[in-house]
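Hi,

Here is the structure I said I would pass on.

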Amino acid sequence: MLSRDQKLVLTSTTLDMFLEGVFVTLPSASALLSSVPQWAFPLVFSTIPVGTLIGNLALGRLTDLRGRKSTYMAMLGVYAIGAALILLSSNLYELLAGLLIAQSAIGGEVPIVLSYIVESAPQDIKERLVVLITNVGNIGAVAASAIALAEGGLSTSAGKLAIGALIGLSLAVMVLTRSLVPESRPWLSLRPEERGRVRLDAPGVKLWATLLTLMAISSVLTFGLLALQVGPEEFPQEALEMLLIYFAGEVIGGVIAAAFVGSLGSKAFALASYAGGFITSAVAIPALRLGLIPFLALLFVNGAFTETVWASRNVLESMTFPTSFRATGIAMIRVIPYVLMLVTFFVTSGMPVAEFLWYATAMWAVGLAASAAWMVKGLEVVGKPIAMRPDDLAPKLKSAQDSGQS
């Protein structure tokens, strides 16, 4: 039975993920449906990695030092400013500023929300709640994509009004829910000098951080590529339909992840997810040659595997690092992937579709190899209590080694 505080945290973080999903679609909607010139597309999409990096590093660190609730409340203001600039923008530079601020809010929310969930949820269902709640972001993305498709997105006043109303209502509800959410009890139980203290020399941390970073590189650099770059280039008239189908696949993937991550375990589930992503990327070239319908079917399946990969990463990252630097650790894992994402926007621009798909498949292979290594050397976190301090990782490491030898 969930306590009142647990219900408040889980309700609030669920609403948060819905809003994040809405904001995730805004760069694509801006590029595809507004008056943004084609030469500015790389600038529009570059707001994703740059904003995510800013938010992750600043808020991930701050929430470990100052607490979950204060940073959680502050993010509402960042979202509101970003949304206002996007919806009221009259030129490219105002739009870019709004997108950058909004993406910073998304980046900052991830380590806070993941920390809040695992530090508040019952031990026996932590991983399933991480998956189910973060999957709500895909529902928000589907809702925003559907509005963009029906109303002309950010290119019409009706589209802007509809998306603005959706964002405004979400923010209003979250002002109430976030104000009622309590501070994380595990974070409060730490001594002040322990909060935010990072120890990479703790047993296993460097190896786990390396493998998690490689898995993150793979998933970040392949996220939405078939829907956002390959598909629109080959079938430009169906670009919005592809966005909708892709995120619908992600919603289904989240449901699958919630159903199986507990029974399979986090290690096996991560390996299976990366294998599925690798296979669907590898067969994208023949699917394109067969035409639109086979490609749309593949797009849906690829979206499902993309979500199971992100779900497995969210579970592993949020439950591997101790409470003392959990949000910092989650943010740290994302630094290299989003720097590489920014670089690849420009390096892969204009790359022929076949070469681009081979690049995407190679990136999936990186994640597949890292998840295989985690299967052997990483932690099984499903059903295990969260670590509070770096020293708590030592018994977890010993338990993992013992189970691997038995």
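Let me start with arginine 128: leaving out residues up to four places away in sequence, it touches Ala258 and Val261, where contact means heavy atoms within 4.5 Å. Arginine 128 sits in helix H6 (residues 126-151); helices here are DSSP runs (H or I, at least four residues), numbered from the N terminus. With 36% relative accessibility, arginine 128 counts as partly exposed; the cut-offs are under 20% relative accessible area for buried, over 50% for exposed, and partly exposed in between (1.4 Å probe, protein chains only).

Before I go on, some housekeeping. This is a predicted model, so local features need pLDDT of at least 70 and side-chain atom pairs count only at pLDDT 80 or more, while totals for chains, interfaces and linings use all residues. Residues are numbered from 1 along each chain as its sequence is written, and side-chain values use heavy atoms, with hydrogens and water left out.

Serine 170 is in helix H7 (residues 157-180) and counts as buried at 13% relative accessibility. Beyond its neighbours within four places in sequence, serine 170 contacts Phe18 and Leu19. Phenylalanine 321 lies in the loop between H14 and helix H15 (326-333) and is buried too, with a relative accessible area of 2%. With neighbours within four places set aside, its contacts are Leu212, Arg326, Gly329, Ile330, Met332, Ile333 and Ala387.

What about the cores? The largest nonpolar core has 87 residues, and Val230, Leu357 and Trp374 have the most contacts inside it. A core here is a set of buried Ala, Val, Leu, Ile, Met, Phe, Trp, Tyr and Cys residues joined through side-chain atoms within 4.5 Å. There is also a second, separate core of 25 residues, which includes Leu26, Val36, Ala83 and Ile147. Going back to tryptophan 374, its contacts, leaving aside neighbours within four places in sequence, include Trp208, Leu211, Lys267 and Leu379.

On to the helix packing. The axes of H12 (residues 266-282) and H14 (residues 292-320) come within 8 Å and cross at roughly 150 degrees; axes are lines fitted to C-alpha atoms, for helices over the stretch in contact, and angles run from 0 to 180 degrees between N-to-C directions. H12 and H14 are therefore roughly antiparallel (under 35 degrees counts as roughly parallel, over 145 as roughly antiparallel, 65 to 115 as roughly perpendicular, and the rest as oblique). By class, their contact has 10 nonpolar, nine polar and one charged residues. For those classes, Ala, Val, Leu, Ile, Met, Phe, Trp, Tyr, Cys and Pro are nonpolar, Asp, Glu, Lys and Arg are charged, and the others, Gly among them, are polar.

H9 also packs on H14, at an angle of about 155 degrees with the axes 11 Å apart, so this pair is roughly antiparallel as well. Trp208, Leu212, Met215, Ala216, Ser219 and Val220 in H9 meet Val309, Trp310, Arg313, Leu316, Glu317 and Thr320 in H14.

Finally, H9 (residues 205-222) and H16 (residues 335-347) have axes that come within 8 Å and cross at roughly 35 degrees. The H9 contact with H16 has nine nonpolar, two polar and no charged residues.

Cheers

Conventions. Helix = DSSP H or I, 4+ residues; strand = E, 2+ residues; numbered from the N terminus.
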